[in-house]
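Please keep the sequence and the 3D view open while you read.

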Amino acid sequence: MDIMHHSSTFLLPTIPENQRPSLTYALVVLNHNLPRFTPLLWKAAQLRLCADGGANRVYDEMPLLFPREDASDVRRRYKPDIIKGDLDSIRQEVLDFYTRLGTRIVDKTDDQDSTDLHKCIACIRDFAPVSDKSKLCILVAGALGGRFDHEMGNLNVICRFSSLRIILLSDDNLIHLLPKTHRHEIHIQASVEGPHCGLIPIGMPSKSSTTTGLQWDLNNTEMEFGGLVSTSNMVKGERVTVQSDCNLLWTISLKKLW
Ligand SMILES: Nc1ncnc2c1ncn2[C@@H]1O[C@H](COP(=O)(O)OP(=O)(O)OP(=O)(O)O)[C@@H](O)[C@H]1O
Ligand SMILES: Cc1ncc(C[n+]2csc(CCO)c2C)c(N)n1
């Protein structure tokens with residue numbers, strides 16, 4: 001079984017030479033509080049999408065992160081490549097502003113059965129110029145801490161697209177899936193993340209999960225929703241390994257640096 005490596009280098013202000021990621025990043029901004037580190041995600045990404053009302057967040061909140069700069073300069077610097085969704089939340093002035101700058105507006109008003117995040121992920125999967133999708137990593141900003149139905153919808157999207165690397169982010173947390181098809185090595189970036197973490201079986205019970213590097217390691221342990229799940233766990237050092245017969249959610253706290 002192959003090892004999948006995970007490392008949140010996209011949260012580092014400068015990435016050490018020996019930790020340059022081999023991944024290509026895309027960013028999706030959702031319609032919830034823009035994390036304070038969004039400019040770092042923007043810099044790491046080669047493709048930037050806003051899911052419908054996510055464009056309002058870039059327009060309204062990006063200038064607040066640069067209080068000494070002129071708001072319209074900041075807005076012009078952070079121009080999304082694509083705005084996609086049913087477009088019932090984006091404000092007209094925001095739509096007009098980015099249309100004038102040349103952003104592609106993709107309107108799928110007719111589809112009321114999939115979320116705007118789902119539409120953005122499908123778009124990236126189908127059109128991102130990355131031939132090997134295992135080298136693609138989609139960062140999703142503003143995915144957690146808001147309306148619970150939206151949060152669950154966002155978690156469902158990472159389960160639906162379980163063969164893609166997708167990372168849900170808020171100011172406080174990072175979440176991604178650890179597919180059962182791989183053993184996982186998580187390199188902890190202790191300057192920006194941890195120590196609080198969790199491993200949660202999603203969708204079905206796990207008969208056997210094993211970890212190293214956690215305060216409360218699992219050792220061929222059974223986990224299930226309604227039974228044992230590993231929350232309020234802690235990372236001990238800079239390397240965590242996980243192997244399971246089920247897809248698990250990995251969550252780690254983010255430090256309040258920004
Ligand atoms: N409060 C929130 N918490 C987490 N994610 C959110 C929140 N609000 C929106 N999102 C995400 O941002 C995307 C775009 O949001 P937007 O408000 O434009 O969607 P929407 O389809 O109009 O939502 P709804 O009709 O359910 O209010 C959603 O698909 C969802 O993934
Ligand atoms: C069973 C079921 N529940 C909810 C919706 C509503 N819905 C789900 S995604 C979406 C689009 C949001 O932009 C909407 C309106 C549905 N279609 N089917």
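The points below cover the ligands, the salt bridges, the annotated domain and some backbone details.

1. **Ground rules.** This is a predicted model, in which local features need pLDDT of at least 70 and side-chain atom pairs count only at pLDDT 80 or more, while totals for chains, interfaces and linings use all residues. Residues are numbered from 1 along each chain as its sequence is written, chains are lettered from A and ligands numbered from 1 in the order in which they are written, and side-chain values use heavy atoms, with hydrogens and water left out.

2. **Ligand 1: the neighbours.** Start with the residues around ligand 1. There are 18 of them, and the closest are Asn31, Asp88, Ser89, Arg147 and Asn154. A residue counts as near a molecule or strand if one of its heavy atoms lies within 4 Å of it.

3. **Ligand 1: the contacts.** Look for polar contacts next (pairs of N or O atoms within 3.5 Å; within protein, one must be able to donate a hydrogen and the other to accept it, and residues adjacent in sequence count only if both atoms are side-chain atoms). The side chain of Asn31 places an N or O atom 2.9 Å from an oxygen atom of ligand 1. A polar side-chain atom of Asn154 is 2.7 Å from an oxygen atom of ligand 1. Arg147 uses a polar backbone atom, 2.9 Å from a nitrogen atom of ligand 1. Taken alone, ligand 1 exposes 620 Å², and the protein buries 82% of that. Such areas come from the Shrake-Rupley method with a 1.4 Å probe; for residues, only the protein chains shown count as cover.

4. **Ligand 2: the contacts.** Asp86 has a polar side-chain atom 2.9 Å from an oxygen atom of ligand 2. An N or O atom in the side chain of Asp113 lies 2.7 Å from a nitrogen atom of ligand 2. Gln112 brings a polar backbone atom to 2.7 Å from a nitrogen atom of ligand 2. Taken alone, ligand 2 exposes 440 Å², of which the protein buries 42%.

5. **A salt-bridge network.** The whole structure holds 13 salt bridges. Each is a side-chain nitrogen of Lys or Arg within 4 Å of a carboxyl oxygen of Asp or Glu. Asp60, Arg91 and Glu93 are linked in a network of them. The closest N and O atoms are 2.9 Å apart for Asp60 and Arg91. Why does that pair tie together parts that are 31 residues apart in sequence? Because Asp60 lies in helix H2 (residues 54-61) and Arg91 in the loop between strand E4 (82-85) and helix H4 (92-101). Helices (H or I, at least four residues) and strands (E, at least two) are DSSP runs, numbered from the N terminus. For Glu93 and Arg91, the closest N and O atoms are 3.1 Å apart.

6. Buried means under 20% relative accessible area, exposed over 50%, and partly exposed in between (1.4 Å probe, protein chains only). Asp60 is partly exposed at 30%. Arg91 is partly exposed, also with 30%. Glu93 is partly exposed at 41%.

7. UniProt, in an unreviewed entry, places "domain: Thiamin pyrophosphokinase thiamin-binding" at residues 182-248. UniProt positions follow the numbering used here, feature names are shortened, and annotations may be inferred rather than shown by experiment. The span is 0% helix and 54% strand, and its end C-alpha atoms lie 11 Å apart.

8. **Backbone details.** Most residues other than glycine have a negative phi, and most peptide bonds are trans. Check the bond from Gly194 to Pro195: it is cis, with omega near 0°. Pro195 lies in strand E10 (residues 193-201). Asp52 has a positive phi, near 45°. Is Asp52 buried or exposed? Asp52 is buried, at 1% relative accessibility. Asn220 also has a positive phi, about 55°. Asn220 is exposed, at 53%.
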